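Q: I have a structure open and would like to go through it step by step. Could you help me read it?
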Amino acid sequence: MKKLIRLTINDQDYEIAVKPNQTLADVIREDIGLTGTKKGCEVGECGTCTVILDGKPVNSCLVLAVQADGKHILTIEGLDTDKGLHPIQKAFVEKGAIQCGFCTSGMILSAKSLLDRHPDADEHEIRAAISGNLCRCTGYQKIVEAIASVKDRGPVS
Amino acid sequence: MRLPGFEFHEPTSVASACEVMGRLREKARLLAGGTDLIVNMKKKVIRPDHVVSLGRIDILKGIIEENGHLTIGACVTAAELAGAEVIRESLAALADGAAVLGSPLIRNLATVAGNLVSARPAADLPPPLMVYDAQTVLIKATGERSVDLNGFFLGPGKTLMEPDEILTGITIEMPKGCYGDSYIKLGVRQTLEISLVNVAAFIQLNGAEGSITKARIVLGAVGPTPLRAISAEEALMGQSPSDALFARAGEAAAGDAKPIDDFRGSAEYRRDMVAVLTKRALNAALDRARSR
């Protein structure tokens, strides 16, 4: 039986009927149509499905959509604004921190979550913050450099 | 990877959750953080007809210090445990364990209750909870009981909980005086790792330079359940802390361990590491005791 849930994604309110066995990742991609959130391992090990749920980065493949009823979600699509890309997105482009791009959404959201709390995070903290996000191209060095370069520009909004 | 179908229940009080579990029993599984349950359901390891979420019961989300006791609600996440000031300052081994569970993303979902009821031998929270003699609070429609965590686990994936019982929280009598505590996890990677061996240690001293008046050593991933290294604890009692004493306690703990060979490591290696890590955990606990 479907259940009607209300959730806010990227500051936009949605009211949507979901089945109990749909994950938040499924609903974001298939029902809402925001495919920037990726599905990789689907068991919480790769981090490609990372979204920010009520201020905290989580694996959306492990959250049931019904559990997200009433909650606020930020996906990668919520980062760029009328003024263009978010500073972390710009840094990833400038530093060549994107290879195949599949991990990028999750990496950027984990990085945003870190820099929002610790704008002056050091390399160790950056590596720890993205440790739940796997890059199978193994492009970690440039990802870390990109995140560190954002920090040098001052606090991130 | 689709989840099989199920009926979803979302009680908003412990009483109504007990009522639902009393009615559905084995047909239902409780959902807290979901980092084990959802994975096992996707892999079709378990196929419950009903899933009962604890996520709307606010009383299960608090950490409360009262009358010298700390109560940790079932749905407190690993990230909240690792970040809570009272735990970082007074129950440092637990903060250490919570900080290395899973990954940063998992820690924002995984709960203390989930890490206990899943009863994995290598889990990160049982050893650091057991060194403080933590008690579990188990509630069902017909009553409530308190069970020492040392004795709660029966084997891999098995606890003494009844099908209609809900683990609503953990209580810990706050340690006082000159004590130190630590937790060390050994794995081949730093994140999303299942321990090869983990060790939690707690010692209480008769003053900063005094002898040991209470000792707890708990080993993980070297037996079917997390286990107290009783002979190591006995070796420490009444003695003055020293490197030689901690080495002897390590050897005793290695004797208490019941490791097996598996693809992660050999029993022999695990036993050797119990000795090394126990000594290391005791030295870390001593440092904390003396700086407290």
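**Where the chains meet**

A: This is a predicted model. In it, 24 residues of chain B are in contact with 23 residues of chain A.

Q: Which elements of chain B each supply at least two residues of the side that touches chain A?

A: They are β1 (7–9), α2 (37–42), β3 (50–53) and α6 (104–107) of chain B.

Q: And how does that side of chain B divide by class?

A: It has 13 nonpolar residues, nine polar ones and two charged ones.

Q: Turning to chain A, how many helices and strands does its secondary structure have?

A: Chain A has five helices and five strands. Read from the N terminus, their order is β-β-α-β-β-β-α-α-α-α.

Q: How compact is chain A?

A: Its radius of gyration is 15 Å, close to the 15 Å that the globule rule gives for 157 residues, so chain A is as compact as a globular protein of that length. Of those 157 residues, 45% count as buried.

Q: At what angle do the axes of helices α2 and α3 of chain A cross?

A: The axes of α2 (residues 87–94) and α3 (residues 104–117) of chain A come within 10 Å and cross at roughly 130°. The two helices are therefore oblique to each other, and their crossing is right-handed.

Q: Which residues meet there?

A: From α2(A) come A:Ile88, A:Gln89 and A:Phe92, which meet A:Thr104, A:Ile108, A:Ala111 and A:Lys112 of α3(A). By class, the residues of this contact are four nonpolar, two polar and one charged.

Notes
Residues numbered from 1 in each chain as written. Chains lettered and ligands numbered in written order. Predicted model: local features only at pLDDT ≥ 70, side-chain atom pairs only at ≥ 80, totals over all residues. Axes fitted to C-alpha atoms, helices over the stretch in contact; angles between N-to-C directions. Helix = DSSP H or I, 4+ residues; strand = E, 2+ residues; numbered from the N terminus. Parallel < 35°, antiparallel > 145°, perpendicular 65-115°, else oblique. Left-handed = near helix turned anticlockwise from the far one by under 90°. Contact = placed C-beta atoms within 7 Å. Nonpolar A, V, L, I, M, F, W, Y, C, P; charged D, E, K, R; others polar. Rg over C-alpha atoms; globule rule 2.2 N^0.38 Å. Buried ≥ 20, exposed ≤ 12 C-beta atoms within 10 Å, placed from the backbone.
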